[in-house]
Amino acid sequence: MGIQDRYRITGMDCASCAQKIDTAVRRIDGVEDVSVSVSAGTMTVRRGQIADPAEPIRAIVTKLGYGIAPLANRTAPAAPAHSHAAAEHDHDHGASCSGHDHDHAGHDRGHAHEHAPATPAAAAKAAPPLDLHGHDAGEDEGAWWQSKKAKLTLAAGAAIVVAFVASHLFPEAKSIIFAVAMLVGLVPIARRALMAARYGTPFSIETLMTIAAVGAVIIGAGEEAAMVVFLFLIGELLEGVAARRARSSIRGLATLLPETARLEGPDGTREIPAAELTLGAIIQIRPGDRIAADGRILEGESAIDEAPVTGESVPKRKGVGDTVFAGTINADGVIRVEVTAVASDNTIARIVRLVEEAQESKAPTERFIDRFSRWYTPAVLIVGVLVAVLPPLFFGGNWDEWIYKGLAILLIGCPCALVISTPAAIAAGLAAGARQGLLMKGGAVLETLAGINRVAFDKTGTLTLGRPVVSDVVGYGRPEAEVIALAASLETGSNHPLARAILAKATDLAAPTIVAEAIAAIAGKGMTGKVEGRSLLLGSAAAAAEIVPLTTEQDASISAFSGEGKSVSVLLVDDVVVGIIAMRDGPRADAKAGLAALAALNVSPIMLTGDNARAAQAVGSDLGIEVRAELLPQDKQRIIRELQAGGAKVAKVGDGINDAPALAAANVGIAMGGGTDVALETADAAILNNNVGDVARLIRLARRTMANIHQNIVIALGLKAVFLVTTILGITGLWPAILADTGATVLVTINALSLLVVKKG
């Protein structure tokens with residue numbers, strides 16, 4: 001097993017950048033394997049034990065035009081066995097609940113809330129973004145307009161403006177003026193092409209660009225050459241901005257952790273940096289605090305909001321012996337927790353590692369023009385040389401005549417139309433998407449989306465509303481509106497998700513406003529209060545059964561709702577059951593139509609969720625989608641990789657931090673626009689309208705764009721092929737061929753702009 005060295009690489013924008021670095025570094029003596037990640041901005045090199053090629057690696061990467069700095073080698077430590085065991089125990093416990101016991105627990109976590117003193121300030125306090133990569137300060141860390149590529153693009157644009165003014169003052173020197181302006185942008189591009197050729201990549205996009213610009217100058221089209229170079233630089237700059245934003249995403253995860261923790265010791269409780277917590281330490285978590293470390297509850301009981309880790313929409317009631325995760329939020333009770341994982345191996349640290357590893361192992365997607373240039377550029381060069389040399393050598397042709405024809409072929413083959421039209425189609429596709437609220441981070445994302453055949457959806461907030469709503473109200477001797485009004489009287493002023501659901505239902509039904517007195521929360525049972533001298537209890541079925549036996553009809557209703565994955569609350573007035581309220585996180589109104597649109601594109605959906613199995617199956621049954629439930633972030637990522645191993649091209653759609661590893665591992669990660677910043681930054685695309693149907697629109701737009709690119713290639717190459725033959729036969733001269741090439745550029749550009757016409761559906 002060789003030694004692994006990791007490097008920070010700056011200036012990479014796309015897969016072709018990674019490919020050039022990979023090819024060059026592999027040629028160095030002592031290097032056994034190379035892995036370059038554009039999205040993570042890193043390179044991992046495996047080398048032999050004897051030689052250390054660090055200096056040659058630095059020299060070559062620098063010559064290729066990229067920045068490089070060593071990173072501290074970091075092997076992800078294995079999580080302590082007790083930490084994983086605890087997590088598994090917690091999942092098993094949740095999965096083993098059956099019948100209405102499950103909903104007793106589900107409701108327990110809903111009715112001891114918001115009435116204990118809360119500390120919102122503590123909940124809001126979070127650590128500043130940490131440098132989780134060990135990044136050295138580099139070009140990627142500054143503002144995008146301060147980057148070298150931004151400065152080069154601005155210089156090239158300024159040169160064109162100056163040339164435009166100068167050409168009006170000295171019209172006889174117009175070609176020379178624009179040729180000089182073109183060199184401002186072309187010289188760095190040509191230098192990169194030469195370096196890439198020297199280190200193993202002779203036919204890169206930079207080579208294609210250099211040939212196009214030089215060919216245009218030779219035929220006197222200096223103005224067009226300068227614009228081609230400028231447009232090329234703009235495209236690279238935009239790709240760079242997207243890449244830089246993606247690299248910053250992981251650091252946002254650090255804001256989930258509090259900066260300090262309340263450590264218990266012989267001298268009382270004191271605040272220490274959360275990073276200094278050790279195994280076995282005892283910490284105190286107050287209501288409203290984010291939990292600073294993975295641990296096990298030693299004392300106390302509280303509702304824990306686990307949405308950041310599991311995606312479950314309803315806080316989970318936990319007590320002594322239960323596991324809690326770093327980054328989750330303690331809702332209502334003071335708890336004492338024994339730390340079971342140090343900062344470098346807590347839940348958030350593991351999510352960070354999962355995202356990093358997914359990005360580094362994700363195969364880079366090459367742009368179509370990069371793949372095309374590999375054979376087009378050498379083919380044109382070879383044909384030109386053969387036409388110039390073979391007839392004079394073997395058939396007695398005139399050297400002057402055939403050298404002229406060889407040069408004409410090189411100019412006919414000048415890839416101006418190709419270089420302009422393909423990015424034009426990509427730009428039009430991206431712009432068309434933006435008009436519809438569909439944002440994509442570059443052309444490679446569009447190209448990959450066109451090949452997607454599986455889509456993995458998160459449940460909470462993606463296919464569902466992301467919050468519980470009242471689905472059923474059963475009254476016993478009282479109308480539905482009165483049952484809801486009495487329940488709402490106990491929940492007034494509460495911000496708990498189940499309370500908000502009841503209050504929203506009361507508004508929908510225009511239920512009368514009832515004022516309750518002496519409202520109190522009974523831990524693990526529910527809410528109590530008085531209305532006009534009558535005692536009210538809104539709690540779990542178990543809490544109600546302790547006060548009054550449930551009838552067979554009532555027990556059957558509770559069991560039926562529980563079987564559908566719903567949380568059930570029972571309302572008692574003076575110790576008599578007067579109503580049952582069932583709540584669930586229901587499907588979004590547009591979800592079923594959105595999934596049907598995917599099916600029409602022969603794309604198969606699957607739901608991956610951290611929510612409990614019965615709630616997930618209920619939603620899946622409504623929508624007709626395959627379901628995998630009770631998943632942790634690493635489970636979602638594992639399933640994505642299993643689908644890919646089976647040959648699927650997978651898009652992952654989610655909106656939470658728990659989705660970040662899977663978003664990074666998928667061929668394309670798609671974030672719903674209402675989701676977390678981390679999900680939006682980790683993903684390759686974003687749907688701003690929060691519409692499930694927009695996933696199908698994204699794929700449809702991507703397929704239209706790729707079809708448009710292929711049409712452009714056919715138009716450009718078709719005209720070139722015609723004039724190639726007629727020039728060799730002597731039917732046409734150089735100028736008609738050049739005009740045809742200009743015509744091809746116009747045609748393919750118009751075709752690309754047709755993508756801006758938004759098609760419905």
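Modeller: In this predicted model, Arg 296 is partly exposed, with 29% relative accessibility. Its salt-bridge partner is Glu 338, and the closest N and O atoms are 2.9 Å apart. Arg 296 belongs to strand E8 (residues 295–299) and Glu 338 to strand E13 (residues 335–339), so this pair ties together parts that are 42 residues apart in sequence. Glu 338 also counts as partly exposed, because its relative accessibility is 21% and buried means under 20%. The pair is one of 25 salt bridges found in the whole structure.

A second salt bridge is formed by the side chains of Asp 458 and Lys 636, at 3.4 Å from N to O. Asp 458 sits in the loop between strand E15 (454–457) and helix H16 (459–463), while Lys 636 is part of helix H23 (residues 633–645), so the bridge ties together parts 178 residues apart in sequence. Both partners are covered: Asp 458 is buried at 2% relative accessibility, and Lys 636 is buried with a relative accessible area of 1%.

Asp 694 pairs with Arg 697, the closest N and O atoms being 2.6 Å apart. The two residues are three places apart in helix H26, so about one helical turn separates them. Asp 694 is buried at 4% relative accessible area, whereas Arg 697 is partly exposed at 27%.

Next come the nonpolar groups. In soluble globular proteins, nonpolar side chains tend to be buried together. The largest nonpolar core here has 44 residues, and the members that touch the most others are Leu 449, Val 455, Phe 457, Leu 463, Leu 598 and Ile 670. Helix H26 (residues 693–728) provides the largest share of this core, with nine residues. Not counting residues up to four places away in sequence, Leu 598 touches Val 455, Phe 457, Val 603, Val 695, Ala 696 and Ile 699. Another core lies apart from this one and has 24 residues, including Val 470, Val 473, Ala 511 and Met 527.

Some nonpolar residues are on the surface instead. Ile 382, Leu 386, Leu 390, Leu 393, Phe 394, Phe 395, Trp 399 and Ile 403 form a patch there, with about 870 Å² of accessible area together. Helix H12 (368–395) and helix H13 (399–412) each supply at least two of its residues, and H12 gives the most, six. Leu 386, in helix H12, is partly exposed at 40% relative accessibility.

Strand E21 (residues 576–584) is mostly covered, with eight of its nine residues buried. Strand E16 (residues 469–475) runs antiparallel to E21 and is joined to it by six bridges; here Val 469 stands opposite Arg 584. E21 also pairs with strand E20 (residues 567–573), again in the antiparallel sense, over seven bridges. Ile 580 of E21 is the bridge partner of Val 570. Two residues lie between the strands in the hairpin of E20 and E21, where Asp 574 takes a positive phi near 50 degrees.

Methods. Residues numbered from 1 in each chain as written. Predicted model: local features only at pLDDT ≥ 70, side-chain atom pairs only at ≥ 80, totals over all residues. Heavy atoms only, no water. Core = buried A, V, L, I, M, F, W, Y, C linked by side-chain atoms within 4.5 Å. Buried < 20%, exposed > 50% of the residue type's maximum accessible area, 1.4 Å probe, protein only. Helix = DSSP H or I, 4+ residues; strand = E, 2+ residues; numbered from the N terminus. Contact = heavy atoms within 4.5 Å. Patch = residues over 30% accessible without salt bridge, like charges linked within 9 Å, V, L, I, M, F, W, Y side chains within 5 Å. Areas by Shrake-Rupley, 256 points an atom, 1.4 Å probe, with all protein chains shown as cover. Salt bridge = Lys/Arg side-chain N within 4 Å of Asp/Glu carboxyl O. Pairing = 2+ DSSP bridges.
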